[in-house]
Amino acid sequence: MAPIVSIRDLKKTYASGFTALKGVTLDIEEGEILALLGPNGAGKTTLISTVCGITTATSGTVTVGGHDIIDDYRAARSLIGLVPQEISLEPFETVTSTVNFSRGLFGHPRDAAAVEAVLRQLSLWDKRDAKTMELSGGMRRRVLIAKALSHGPRILFLDEPTAGVDVELRRDMWETVAKLKAEGVTIILTTHYIEEAEAIADRIGIISDGEILLVEEKEALIRRMGQKQLVVELAEPVEAIPESLGDYALEREGGGDRLVYTYDRQAERTGIRRLLNDLDAAGLTLADVQTRESSLEEIFVGLVKETGA
């Protein structure tokens with residue numbers, strides 16, 4: 001099956017000479033949630049803006065649902081819903097009229113049932129007659145999503161959808177995104193929150209300095225690049241690691257009452273059994289043993305550091 005969004009060698013250089021995108025190539029599969037991670041200035045918003053027709057690329061091609069975003073822009077744009085970073089709503093308009101207006105921009109006639117369905121989907125139905133200025137920040141973000149969904153798009157772009165909202169509202173938004181995916185909407189979100197990508201994304205894309213560093217299944221990425229560690233808690237702390245354990249590259253933690261062994265869990269032999277035997281031979285008494293692995297945040301920071309961003 002062809003990807004629903006196909007980006008090929010996309011470049012964007014502004015009049016100032018700054019190059020925001022440096023040959024981005026990316027395929028987005030229908031029905032997935034793709035989280036695009038990157039530091040400030042990495043090119044996330046420029047990439048989304050280009051696909052959505054807000055910014056014009058210097059070179060390269062983008063197709064959405066098989067439609068070129070330049071040659072067949074109306075058909076391509078009709079498939080896309082965009083939720084921008086900034087909350088920009090007419091303060092004196094009601095929720096219903098705001099969503100109706102966005103629907104009309106795409107040439108759709110008034111359809112009270114369709115608007116009601118969207119508002120109910122986003123738990124906004126009881127706020128349908130409220131002016132947008134009367135809503136909380138989280139509710140206003142929901143209105144932005146309702147506007148983006150008003151014309152029935154197959155693809156939803158969320159640019160920093162939970163920026164500036166508290167943890168409870170953020171998790172509430174994650175549930176909303178999961179429901180949209182269950183209904184077949186393809187979702188691409190940019191985020192600064194690593195836990196957001198870890199919680200809801202199917203695939204992770206990492207962009208830095210206008211280039212895609214990688215795109216990979218979330219779980220596969222963590223397995224492939226995440227280190228696994230064995231944390232050995234000792235009954236008595238040690239001032240120094242015994243010389244007999246020098247081959248394991250152990251690290252002391254917590255004042256010497258924990259030793260950390262890093263290993264490759266994909267390796268045929270991890271060396272854990274031998275380590276435990278050698279700890280006993282060195283006269284060290286174990287109080288507890290546990291494992292831990294790298295988080296997506298640690299992987300992300302490491303990749304960006306490698307590029308010098």
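A charge is taken to sit over a ring if NZ of Lys or CZ of Arg is within 6 Å of the ring centre and within 35 degrees of the ring normal. By this criterion, the charged end of K12 sits over the ring of Y14, 4.9 Å from its centre, and the charged end of R128 sits over that of W125, at 4.1 Å. The model is a predicted one, in which local features need pLDDT of at least 70 and side-chain atom pairs count only at pLDDT 80 or more, while totals for chains, interfaces and linings use all residues. Residues are numbered from 1 along each chain as its sequence is written, and side-chain values use heavy atoms, with hydrogens and water left out.

Turning to the aromatic rings, pairs were assigned to Phe, Tyr and Trp (its six-membered ring) with centres within 6.5 Å, planes under 30 degrees apart being stacked, over 60 edge-to-face and the rest tilted. A search of the whole structure finds 2 such pairs. Helices (H or I, at least four residues) and strands (E, at least two) are DSSP runs, numbered from the N terminus. Y261 and Y263 form a stacked pair, 5.8 Å centre to centre with 20° between the planes.

What of the nonpolar cores, defined as sets of buried Ala, Val, Leu, Ile, Met, Phe, Trp, Tyr and Cys residues joined through side-chain atoms within 4.5 Å? The largest has 40 residues, and I145, L156, L158, I187 and I204 have the most contacts inside it. Helix α5 (residues 137-149) supplies the largest share of this core, 6 residues. Another core, of 26 residues, lies apart from it and includes L26, I28, C52 and L82.

Strands β9 (residues 203-208) and β10 (residues 211-217) run antiparallel and are joined by 6 bridges, where pairing requires at least two DSSP bridges between two strands. R203 stands opposite E217 in β10. The two strands form a hairpin with 2 residues between them, and D209 in the turn has a positive phi of about 55°.

Notes:
Buried < 20%, exposed > 50% of the residue type's maximum accessible area, 1.4 Å probe, protein only.
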